[in-house]
Amino acid sequence: MDPKKSTENGVEDSVASNDEDLYVCDQYSVASSVDSTAEEMLRNGLDPVLDWPSPDIYSPDEDCDLQQRKRSRLSSTCSAAGGDGRESENDGLSTERWRSLDETDVEPLQLDFTPVQEPGPKFLPSNCSSPLQFFQLFFPKTMMQSIVGHTNVYGSKCKDVGNPWLFLSLKDLKSYIGLVIYTGLLKCSLLTEYWRESQYFSPSFPAHVMSYQKFVAIANTLHFSNTIEDEKNYLKKGTAAYERLGKILPLSQLIREACKTHFHPFQNITIDERIVAAQPRTGLKQSMEDKSTDRGYKLFALTDCTCGYTWDFLIYEGKSCASQNVGLSYESVMALVDENMLGSGYKLFVDKFYTSPTLFRDLLHKKFWACGPVLSTRKGFPKISVNRLSKNAPRGTMRWIRDDNLLFIEWKDSQEVQMCSTFHKAYEGNTVQRKVKGDALRTLKEVPIPAVVLDYNRLVEFQ
């Protein structure tokens, strides 16, 4: 064998190996960047599947070609947009246009409201009147005893909670939950402040219930699941069979069933996301830009618009569990809206995170109406620019367009509002008072308002 040739081959192999390593690293880097962008979009109320800025990643050369293509379309785009610079995907080929307030819309098909049960509270005992009795509807004695048993098993195995482990009783658990509620009502900067003995500040209630050491011990060992099942689940970590919510799943399922048992929603319902304050070590902690709670479990909750009752909820399990085809917002709604448990003819009000033409059409197939604000950049929103609402339009100006069962509305308030609905007409003669700028002063004036905006503000925004 020629040594020189062997050396050259070795160099070539090394270079090829390095190139391959760099390629793999680039793949991981891109994947990590995409994941972080997706999480950032979720925190800002956007769905990565439905609102991703662009399906393509352009190289510098491709970017130059893109700019040239944009320049070549500029004149036709501006003319189609009516001078406001909005781009039309139809490039003037379509005769469709946005319609004005004085143009008549068709009356949408009205579905009959047929709930499975009579709406309202259900199966309430005649003697259920105190806050404690209502609490016990959702945390019955059997559930509390199960928590006590799992906590004692887990506590006896822990090495950092004292030796020997002092077994928890049902009374101890009730006292602990009472103190948790108490600390939520009376805010102190440190947990130890609740047991502080001082002539200036000394809450007497916690020390009379239990010692600080006992409270901390229960907090560190509180357990809702079978430890043997936890160990089996842990061995599956890294596989599709691993249950990320395994330790709280038994409790959450029991609470969900209790929520459905004791109340049936009225016709108007909504789905919203919320944060439950927690310090979990499951990798599922989330934050939301417009929520007061900083970190915790993110829930998708179906609630009744009449009284705010939470009928069902789901816990967000992370981006790895979200669909890459229809999006997290679509999956969350379809999982919560169960026509077999609810019935048909419900009116679902959702925010811009959930609203999409695909979701609303599929909900109609389940005999559910839906409406909510929609992003003009979301997939399926009409890209037609003819007669579209101009940016300098006066307050109360509206435009609408109907795509079969879907109504899209653009209305000018202090800002532009875009809505989508499957059960509203474009305009039904409603007005609202708004301050309008006159020659010198701003004066109150009655301006038109679409029924979909009026209903959404009445049932969702002011809950």
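Guide: Let's start with the helix pair: helix H11 (residues 328-336) and helix H13 (residues 357-365) have axes that come within 10 Å and cross at roughly 20°. Angles under 35 degrees count as roughly parallel, so that is how H11 and H13 lie relative to each other. The crossing of H11 and H13 is right-handed. On the H11 side, the contact is made by Tyr330, Val333 and Met334, while H13 brings in Thr358, Leu359, Asp362 and Leu363. Sorted by class, that makes five nonpolar residues, one polar and one charged.

Keep in mind that this is a predicted model, so a word on confidence. The protein has a mean pLDDT of 80, with 76% of its residues at 70 or more. Two stretches call for care. Residues 20-32 have pLDDT below 50 and, beyond near neighbours in sequence, zero contacts in the model. Residues 55-94 are also below 50, but that stretch has 30 such contacts. Where pLDDT is low, the predicted coordinates should not be read in detail.

Now for the sheet. It is an open one of nine strands with mixed pairing, and the order is S1-S11-S12-S13-S10-S9-S5-S6-S7. Strand S1 (99-100) and strand S7 (310-315) are the edges, each pairing on one side only.

Both helices touch this sheet. H11 lies across strand S5 (268-277), strand S6 (296-304), S7 and S9, and runs at about 140° to S7. H13 packs on the sheet too, touching S9, strand S10 (369-373), S11, strand S12 (406-412) and strand S13 (416-421), with its direction at about 160° to that of S10. S9 turns up in both lists, under H11 and under H13.

S1 pairs with strand S11 (residues 398-403) in the antiparallel sense, over two bridges, and Arg99 stands opposite Trp400 in S11.

Definitions and conventions. Residues numbered from 1 in each chain as written. Predicted model: local features only at pLDDT ≥ 70, side-chain atom pairs only at ≥ 80, totals over all residues. Heavy atoms only, no water. pLDDT = per-residue confidence, 0-100. Contact = heavy atoms within 4.5 Å. Axes fitted to C-alpha atoms, helices over the stretch in contact; angles between N-to-C directions. Helix = DSSP H or I, 4+ residues; strand = E, 2+ residues; numbered from the N terminus. Parallel < 35°, antiparallel > 145°, perpendicular 65-115°, else oblique. Left-handed = near helix turned anticlockwise from the far one by under 90°. Nonpolar A, V, L, I, M, F, W, Y, C, P; charged D, E, K, R; others polar. Pairing = 2+ DSSP bridges.
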